[in-house]
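Notebook open, structure loaded. I'm jotting down what I looked up, in the order I got to it.

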Amino acid sequence: MKKLLTTAALLMLSAIAFCQQEENGMIYIKHPYIDVVNNAAKAYMAKDESTEKMIYSDTARVWISGLEKGISIADAIKGWSSDFDYFDDVNLKTFGYPDYLHYKKDDGMTVQSWWTLSGKSKKTGEVIKIPIVIFDDFNTAGKIISVSIFGDLSKWFKEKS
């Protein structure tokens, strides 16, 4: 009986030891970096390239679903500006709310946000609506250094080709 209790106690202690939880940072619903991301969206819709250039680091990289590799922020801003050549009523509307994630490990600083990108094709007249999620990574100076955009943008890119 003593062996059985000892074995059970050891199993319980092992399970407890392996089930320990550890925090890896904080999640914020309000943060200045969320404001930066919202301002980037406003600058995009206003076709305000000078504001966009101030928000992103000069070396920022952008990756969008469907691209094999990331592109420079300068190329991304050019591409974003060209959206208005192919679409009317371009809009980037939030759904849900963005979160600022501050990770302990490597002091990672990321805003994740959910949007609906929409526009009316100048070629076909079709209104295209695409749900996307964006992850913006920040440096300690408060500039966006990396953007990852996930969503099925194939219709959007097709209209631009």
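Predicted model: local features only at pLDDT ≥ 70, side-chain atom pairs only at ≥ 80, totals over all residues.

Helices here are DSSP runs of H or I with at least four residues, strands are runs of E with at least two, and both are numbered from the N terminus. Most residues other than glycine have a negative phi, so I went looking for further cases.

D89 turned up, with a phi near 55 degrees, a positive value in a residue other than glycine. D89 is in strand β4 (residues 87-94). At 62% relative accessibility, D89 counts as exposed. My cut-offs: buried is under 20% relative accessible area, exposed is over 50%, and partly exposed is in between, with a 1.4 Å probe and protein chains only.

D106 is not a glycine either, yet has a positive phi of about 60 degrees. D106 sits in the loop between β5 and β6 and is exposed, with a relative accessible area of 70%. K105 is in that loop too, between β5 (99-103) and β6 (109-121), and counts as exposed at 59% relative accessibility. I also checked K105 against D58: 47 residues apart in sequence, 25 Å apart in space, C-alpha to C-alpha.

**Ground rules**

Residues are numbered from 1 along each chain as its sequence is written, and side-chain values use heavy atoms, with hydrogens and water left out.

**Helix α2 and Y44**

Back to α2. Its 14 residues should span 20 Å at 1.5 Å a residue, and the end C-alpha atoms are 20 Å apart, which agrees. The expected span is 1.5 Å times one less than the number of residues. Which residues of α2 are buried? I get Y33, I34, V36, V37, A40, A41, A43 and Y44. An α-helix has 3.6 residues a turn, so residues three or four places apart point the same way.

I then picked Y44, which is buried with a relative accessible area of 8%. Leaving aside neighbours within four places in sequence, Y44 is in contact (heavy atoms within 4.5 Å) with E52, W80, D83, F84, V90, L92, L117 and W156. What joins the side chains of Y44 and D83? A polar contact of 2.7 Å does. The rule for that is a pair of N or O atoms within 3.5 Å; within protein, one must be able to donate a hydrogen and the other to accept it, and residues adjacent in sequence count only if both atoms are side-chain atoms.

One more look at α4 (residues 73-86), where S82 is found. S82 counts as buried at 18% relative accessibility, and its side chain reaches the backbone oxygen of G79 at 2.7 Å.

**Rings**

Rings of Phe, Tyr and Trp (its six-membered ring) pair if their centres lie within 6.5 Å; planes under 30 degrees apart count as stacked, over 60 as edge-to-face and the rest as tilted. By this rule I count eight aromatic pairs. In one of them, Y44 and F84 have ring centres 5.4 Å apart and planes at 50 degrees, so the pair is tilted. Y44 lies in helix α2 (residues 32-45) and F84 in helix α4, so the pair ties together parts 40 residues apart in sequence. F84 is buried, with a relative accessible area of 13%.

W63 and F150 are also tilted, because their centres are 5.1 Å apart and their planes at 55 degrees. That pair links W63 in strand β2 (residues 56-64) with F150 in strand β8 (residues 144-150), 87 residues apart. W63 is partly exposed at 25%, and so is F150 at 36%. Ring pairs also link Y28, Y33, Y100 and F138 into a cluster.

**Whole chain**

The chain has five helices and eight strands, in the order α-β-α-α-β-β-α-β-β-β-β-β-α. The radius of gyration is 22 Å, well over the 15 Å that the globule rule gives for 161 residues, so the chain is more spread out than a compact globule. That radius is taken over C-alpha atoms, and the rule is 2.2 Å times the number of residues to the power 0.38. The C-alpha box is roughly 80 × 35 × 30 Å along the principal axes. Buried residues make up 36% of the 161.
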